[in-house]
Every structure is written in C-alpha cells, then in structure tokens.
Amino acid sequence: MESLSSNLDSALSNISLLSKFHSKPTSNLFSSLRLSSFNRRRRSKNHLCPNLVFCNKNSCPQADNHFFTAENKDLIKRVGRGVLGFAAAVSLLCDSPAFAESLTVAFPVSHNREVNSVQRTLVEAWGLIRETFVDPTFNHQDWDLKLQQTMVEMFPLRSEDAAYNKIKGMLSTLGDPFTRIISPKEYQSFRIGSDGNLQGVGLFINVEPQTGHMVVLSCIENSPAARAGIREGDELMEINGERLDGVASEAAAQKLRGHVGTTVTVKVHSVDDFGSSYIREVNIPREVIKLSPISSAIIPHKLPDGHLSKTGYVKLATFSQTAALEMENTVHEMESQGVQSYILDLRNNPGGLVKAGLDVAQIWLDGTETLVNTIDRDGNMLPIDMIDGHALTRDPLVVLVNEGSASASEILAGALHDNGRAILVGHRTFGKGKIQSVTELHDGSALFITVAKYLSPALHDIDQVGINPDVQCTTDFLNSSPKDSFGSASSSSLEKDSCILVAEHQLDVQESKGSVS
C-alpha cells in the first residue's frame, strides 16, 4: 500500500515474541534481533560505544594523516569546543560514565542545532549498521572512514534536509536499496499502515530495483486508485507534478497520502492489453482506507464424481499486525461452514511484517517444521522452527502466487510448499530474499537495515530468483482440461479467474490422491 512497500519487512527480531518458535543453533544474528520493530529503546545504549572512532585526551588523531587530511585537521582545531560538545552528546547516547571521562570524538561538530541533531542520528545509524548489516565488508569499503568523511561533509551544512541527504548518501554506498533511513513523518505513516488504517488512495507501490521505476504492485479493491483505473504494473512517473526519479517508495507514499476530501494528481505510464503504452494524468480523491488484510468467500465446487464440495477462498493482501488473527478467525468460520479445501491467494501481496508471515504459517502446519532459514553476516545458517505446532485444518490447500508476491509472501509460500502442505499455482514470485530490521532512532526517524538473507526450508535461494510455482495458470492449460473438473459454472468474479480455476483442478487432483496431512 502507499503505507507499505514490499521491502518494508520487519526483522526476524520479532520472532523472539513467538511462543511457538525456537531457533537452532544459537547465533549472534538471533540475539541481536531480539527487538520490537517499533521499540525506540531498542537495546542497551552502550552497544554503540565500541563502534565509534575515538581518541583520548593525550592522543587525538588530529596529527595522524591516517584519520584526517591537513584540511580536516584545521577544521577540527577551528571548531574547538564543538568537538567536546559532540563528545558529550555521544556519551549520553552511550550512557557510559567511564567513556565520557576518558574519550573524545574526533569529528567536527556543527553549531547549527538542526545539523548537530542529524550528526547524532548519523552516528547512531552508522553504529547500528556496523553492528548488524548483513555484509561485513560494507560493500568492500572502510565503514569507519565513511563515517569520518560523512561527518566532515555534513559540518558546513545549514539545513536538516541537506544533512539527512548526507546520511542517505552514506547508506547508498552499501549497494543495498533496502538499507535506508526514513523521516519521522514517513515512519509514522509506515506504522499506521502496519496497524491498519490511513487516509490515501489505496495503492501498494515499490521501487523496482533493476529499473528504479516506481511501480504499482496492486490496488485495494474499490479504492480511489482502483476506480481511477490504475492497475498492477503501472509506473508512477509524477505525483503533483514532482518527478519520482530517485525517490524512495516511502517518500512517494507520503505524497499520495493526505486529508480525506483532498485530491492528488498522478502521472501514470500504463501498458494496455494489446501491448501499447501510454501516459496519462489522473486526479484521485483521498479517502479513509481500511487495511483489512483478509477477504474471503466460499466457492461451491463440483468434484469429478459429481458430488458438491465447498472450497474456502482466502485472499491475504498484506502482512499487517492483524493478519494472523484475522486469518485464524476466517479459517475457524469456514471450518464451521463445512469447507473441505482451501485456496490461499498471495498474488500481489508485497509483504509486510515477517512475524505475521510466520504466524500465518502456523495456522496451516503441524509439528516442528522449519519455516525459514536465515543466513547472518558471518554465513551462519539459522533455521527458524515451529515448536509443537497444531494446524487449524489439514484440508487440501493450494497457494496462488505471482510476480507481485514478495518477501513475507515468499517466506510463507516457501514454508507451505517445502513442507509438503500446499501446491503453488500461478507465476514466478518477485524474488526478495532479504530481511530488514526496523529501528526507531532518537529523533523519531527510522533506520531499515538488511540484517539477514533467507532460504526456504528446502534451502532454495529466493533473492532475485523468486519461487517457481508447481503449476502455471495459463489459458492453454484451461482449454486442454475438462470443463466440469473446474466445478460449477458460476458467474462470480472468482469463477472467472483462470488461476482459481486451475487451483480448483489441483484440489481435485489432491482429493483423488488423498488429503495432504
């Protein structure tokens, strides 16, 4: 949604909150991620202290060319008390009296209050990345030196925005588009989207990593954007006349949101059903968008032997905080109505909270199955397993996926598929095999850090590859199959969906072989 993009996955830090999971073996990754995504007091503050470049009072590096150029040595001499002032700010950050008494930070400090605050944010972000970023080489660069360079570049600036751009520039050198910082306002919007309501137009958007284009992953049904004819795969070129080249998905999402009753003008590049591209501008009204992640229906299904069966169709649009609970309630309700098989639709689900994805997996799986394998910065693999899981239903299950199924969707699809619980139908998934932690910084901004890579339970690498479904849903396949095997000739929109028809056929196949258990 405009409140969420597919790369906004909360860390596996949240796994520490799950009573049904355990990890093996213990690793630094798991312990470093035992955080709440929205906990601003995320850890003991002195964890940042060893990561800073310090000097004591008698041996500061002003005279050491390894640390500073001659120009920078003069700069430090000129700021004088400013250096000590920043040292005091960092000592508060580290909360270490011994450190405060004996060490000084050897960096120039701005006397501009706004820039000085961003300098503190810079050090905080730099330390977290140094501690947890998945690539210990930091894209083959000296990360300590990068802090020094960025601090010196930030010193002469006079605005908060310019200073933040220096942090973003530093992060961009990591070569990972998912490691980024967002403003306090953007972070609040992200939290609202995860919680379930916002005022906007109803779009899921993301920057396509290879092209840099801002693409539409999906629209919420009956949302203002959907009514305006915006579709999956459209490229957003401008919002209110501002080009989106180089703009992060969170920043673009902020531009789309606003008060109910106002409008936003979007320039859209679309491709029609005949392959012709065109550009148009649309004015979209903003409304209250309710982010209920679940929509469902019961499809009467005619079996090959002529008997009628009920198939429960459940579409999961995003992995919000309420996704697992709403999924559980939906399955309970369907079970009470005699549903005998299920279709779980993850198409165009861009992801969300990884914890929610793992919680949803528990609804369908038994035992001590491995849900996902993470790989930390040292290459250690950490399986995340269920503990004595009890599925709500063991009825046959088909999962629908496509190129818009990303991140947490791929984790869930991989868990259900590799554990033999579900057949995958559709098209190759997006291919995002990285997990981000989300940490609120001292000024209310948030830092997203790629902290791990993940593999499916069967050790399939998903990143930039995606998951291939067991069965493609194509017109040719439908035309070559007996019509009656797809159930009743309903005129509902679900019955006209070719992939759902293929899914029903796969359920018939499972029924003939015996239910999955």
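This is a predicted model: local features need pLDDT of at least 70, side-chain atom pairs count only at pLDDT 80 or more; totals for chains, interfaces and linings use all residues.
Residues are numbered from 1 along each chain as its sequence is written, and side-chain values use heavy atoms, with hydrogens and water left out.

Helix α11 (residues 323–336) packs against helix α12 (residues 354–364) at an angle of about 20°, and their axes are 8 Å apart. Helices (H or I, at least four residues) and strands (E, at least two) are DSSP runs, numbered from the N terminus. Axes are lines fitted to C-alpha atoms, for helices over the stretch in contact, and angles run from 0 to 180 degrees between N-to-C directions. The two helices are therefore roughly parallel (angles under 35 degrees). The crossing of α11 with α12 is right-handed, the near helix being turned clockwise from the far one by less than a right angle. On the α11 side, A323, A324, M327, E328 and V331 meet A356, D359, V360, I363 and W364 of α12, contact meaning heavy atoms within 4.5 Å. By class, this contact has eight nonpolar, two charged and no polar residues. Nonpolar here covers Ala, Val, Leu, Ile, Met, Phe, Trp, Tyr, Cys and Pro; charged covers Asp, Glu, Lys and Arg; the others, Gly among them, are polar.

The largest nonpolar core has 42 residues. Such a core is a set of buried Ala, Val, Leu, Ile, Met, Phe, Trp, Tyr and Cys residues joined through side-chain atoms within 4.5 Å, where buried means under 20% relative accessible area, exposed over 50% and partly exposed in between (1.4 Å probe, protein chains only). Residues with the most contacts inside this core include M327, L344 and W364. Helix α12 gives the most to the core, with seven residues. Apart from neighbours within four places in sequence, W364 contacts M327, V331, Y342, L344, A391, T393, L397, L416 and R421. A second, separate core of 28 residues includes M154, I167, I449 and V451.

D345, in strand β15 (residues 341–345), is buried, with a relative accessible area of 1%. Beyond its neighbours within four places in sequence, D345 is in contact with Y313, V314, K315, L316 and L400.

N240 lies in the loop between β8 (235–239) and β9 (242–243) and is partly exposed at 44% relative accessibility. Q464 is in the loop between β21 (446–455) and β22 (471–472) and is exposed at 67%.

How values were computed
Angles under 35 degrees count as roughly parallel, over 145 as roughly antiparallel, 65 to 115 as roughly perpendicular and the rest as oblique.
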